[in-house]
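Welcome, and thanks for taking a look at this one.

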Amino acid sequence: MAGVDFVDVRKSFGAFPVIKGVDIGIEDGEFVILVGPSGCGKSTLLRMLAGLENITAGEIRIGGRVVNALPPKERDIAMVFQNYALYPHMTVADNMAFSLMLGGAAKAEIDKRVNAAAGILGLSKLLDRYPRQLSGGQRQRVAMGRAIVRDPQVFLFDEPLSNLDAKLRVAMRSEIKELHQRLKTTTVYVTHDQIEAMTMADKIVVMHDGIVEQIGAPLELYDRPANLFVAGFIGSPAMNMIHGRLDPDAPGRFLANDGTALPVASPPAAARGRDLVYGLRPEYMTLADDGLPAEVVIIEPTGYETQMIVRLGGTDVTCIFRERVNVRPGEVVRLSIDAGHVHLFDVETGRRLFD
């Protein structure tokens, strides 16, 4: 096993920059997820780590060794792709053993590693089958098994669950996390799904437009987003955002652009006089008889909770309630806001303002 470091890494296709100076430190044994919207550069960064893309500038280190000029086979990494990339004419066992066979490993060693990986992944009874005889989840396990048998320093996953149905994705998330806890191999995982990132990662790297917006533990990013992009990207449903300013006559109040007064627990001095965004997670609002009036727009019951979109401060705001709510669109509810969980962002810079 080994740590991974990206040091001022840059990548351009011709004159067009797609990675704009990325610095990331990944410790030995960490499970790190690169997350962001399509086109943010996360897959390009992973491919550069794998040696499948050249680096325009900067350094990539695996275990302290600079690997910029090393071919993929000499980097001691194993990659699991989105489309499984299994050989259709080979059995499960042969697919898993192929890289070891190419490396000239002894048959006894190959059989030992394949059987061990198959036992970990629940594939022992499927070793004689062909990929066409497997489900999508089983094929993904075979792809993972092919990586495990190599015993690499670093595992790379490139959106491995995107071809699976929703229920199977949930199951495979748990399996990959459990696999990491068992093997404790450094893992770099790419996804655009922030739920995958939140539930699986030790550390999340949020990327946007070729740069790193924030790095941190899942709940750190959720509770203390550095800027508007991270606040809007991490969390489902996303953070509510209402534009306005602090009330100059009452510092503990935020005035939305339509004049609605919203509570703020302890606004930082830097917030005064600025155009601001008032950020609030959906779960920090409750129904209260003396709360702020809000018109119901949409109600979405899911069983264990009710998601409601209301119009507050001139903006459509999402609320989540655990109790049953007997209202209809067009009616008015009253909301109490937990001011201690309000975030204020500067409109001009997008940065969160700290107390």
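## The chain as a whole

The secondary structure here amounts to 8 helices and 19 strands. Please keep in mind that this is a predicted model. The C-alpha trace spans about 80 × 45 × 35 Å along its principal axes.

Of the 355 residues in the chain, 48% count as buried. Among contacts with a separation of 6 or more, 66% are between residues 24 or more positions apart.

## Surface and charge

The chain has an accessible surface of about 16700 Å², and carbon and sulfur atoms make up 49% of that area. As for charge, there are 39 positive and 44 negative side chains, with the centres of the two sets 7 Å apart.

## A closer look at helix α3

Helix α3 covers residues 107-121.

The buried residues of α3 are Ile110, Val114, Ala117, Ala118 and Leu121. Viewed down the helix axis, the buried residues of α3 fall within an arc of 100 degrees, which means they line one face of the helix. On the face turned away from that buried side sit Ala108 and Lys112, both exposed.

## Neighbours of α3

What do the buried residues of α3 pack against? Their partners are α2 (92-102), α4 (136-148) and α5 (166-183).

Key. Residues numbered from 1 in each chain as written. Predicted model: local features only at pLDDT ≥ 70, side-chain atom pairs only at ≥ 80, totals over all residues. Heavy atoms only, no water. Helix = DSSP H or I, 4+ residues; strand = E, 2+ residues; numbered from the N terminus. Expected span 1.5 Å × (residues − 1). Buried < 20%, exposed > 50% of the residue type's maximum accessible area, 1.4 Å probe, protein only. Arc of directions from axis to C-beta. Contact = heavy atoms within 4.5 Å. Areas by Shrake-Rupley, 256 points an atom, 1.4 Å probe, with all protein chains shown as cover. Lys, Arg positive; Asp, Glu negative; His and termini not counted. Charge placed at Lys NZ, Arg CZ, Asp CG, Glu CD.
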